[in-house]
Amino acid sequence: MVRRACVAHPTAFLGRRSLRRFGPSRARDALATLTYDCDMLIPMDVVALTRQLVDIESITGNEAHVGDVLHGELCRSGYESNKISIEGNRCNVYATSPEQPTPAVVFSTHMDTVPPFIPSSEDATRVYGRGSCDAKGIIATQIAAAERLRKENIHVGLLFLVGEERDSLGAKLANENSRGCKFLVNGEPTENRIATASKGTLRVNVTAAGRMAHSAYPELGESAIDKLLEALNRLRAMKLPFAEGIGPATLNVGVIEGGRAPNVIPDYARAQLLYRLVGPADDLRNQIQQTVGDLAKVEFVLEIPFVRLRTLDGLPTMVAAFTTDIPWLGNWGQPLLVGPGSIHVAHTDGEYVEKKQLADAVDLYCAIAKKLVQH
Ligand SMILES: [Zn+2]
């Protein structure tokens, strides 16, 4: 009886869709795992919702459909959901309970994924597919947590953004329309540990110029590649900043290109570098410029600042070496960063999320929201 009530419950995102998507027998199997009382907990299967979302391709730029589905389901579940147009038909989705249109706590993450699309699958312990870990499993757990909290009369907002994997366009525009919340619980794969900080990013292009000549007479030319190699050697030997409790800044020489043919002294060479920041970037920029000197031209093409984050007593912590939407969401209250899944499998062919981490994340998001609303 209780199980049947779960499916018929108006907030059962998954009941109807599971039936449509998997057919009656698969849906029955899913129901067999639902053993909780609907009056106490949420009649929601986060695994099924994660798979439903993974199966909607939403590579950056193509988030319209997944946004429509989330908006539609949130409306049907009784939320006041709004689509906020970002670019073309790409929209952020922001939902609140009618009982609390300006919640103190907002859960957020992103709807876009990196390419290529990989459909969902699962085994006993994991859900696989593009976005399972980064970040559609997180969307599912945040909705499930919001639903559970709503039953306890705690009302959080839900903010799902476009464009995180490319330029954080959704976050940047969302920041212009903040609803005045006190805390933003942003979800990225941290294996359910609270991030104490999120490293920043500094992208640098180093371009060397030279003069072409026949390779038999190198003294007649000037090798751009030799200059670039020397500049890169100096940069790789440069001591990078270290922040206590966070660790070192790091450098990746990600791309090298240049030259024309083995028998031509090269007149052009360029490297694209990416530094992960553990503090303000001003000193590092100066140091890079001075180290390269006249060997090459230095261009700073992108900077995402390092951010220290709020933590909560008693919960395990980590440092996020990756960047997130958080630096662009400064008007959405004090940021926290936590979510199920491992960043080590995000963006890989075998991307997955542990089912146990999904279940734990629902509990964790609820516990975090409760602690925050007491402040
Ligand atoms: Zn992500």
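Where is the place of proline 116? Proline 116 sits in the loop between strand 3 (105-110) and strand 4 (121-122), and that loop is the subject of one of the views below. Everything here comes from a predicted model, so local features need pLDDT of at least 70, side-chain atom pairs count only at pLDDT 80 or more, and totals for chains, interfaces and linings use all residues. Residues are numbered from 1 along each chain as its sequence is written.

**View A. The whole chain, for orientation.**
The protein has 9 helices and 18 strands; helices (H or I, at least four residues) and strands (E, at least two) are DSSP runs, numbered from the N terminus. Of its 375 residues, 46% count as buried, that is, with 20 or more other C-beta atoms within 10 Å of their own, against 12 or fewer for exposed and anything in between for partly exposed, with C-beta atoms placed from the backbone. Take contacts between residues at least 6 apart in sequence, and 76% of them join residues at least 24 apart; a contact here is two C-beta atoms, placed from the backbone, within 7 Å.

Proline 116 counts as exposed because it has 9 other C-beta atoms within 10 Å.

**View C. The largest nonpolar core.**
This core has 93 residues, and Val185, Leu228, Tyr365 and Ala369 have the most contacts inside it. (A nonpolar core is a set of buried Ala, Val, Leu, Ile, Met, Phe, Trp, Tyr and Cys residues joined through C-beta atoms within 7 Å.) Helix 5 (residues 132-151) puts in the largest share, 10 residues. Leaving out neighbours within four places in sequence, alanine 369 touches Val105, Leu149, Ile154 and Val156.

**View D. Helix 4 and what follows.**
Helix 4 (residues 64-76) runs for 13 residues and reaches 18 Å from first C-alpha to last, close to the 18 Å expected at 1.5 Å a residue; the expected span is 1.5 Å times one less than the number of residues. Buried along helix 4 are Val66, Gly67, Leu70, His71, Glu73 and Leu74. After the helix comes glycine 78, with a positive phi near 95 degrees.

Strand 1 (residues 80-87) and strand 2 (residues 90-96) run antiparallel, joined by 7 bridges; strands pair if DSSP finds at least two bridges between them. Glutamate 80 faces threonine 96 of strand 2. With 2 residues between the strands, the hairpin has glycine 88 at a positive phi near 60 degrees.
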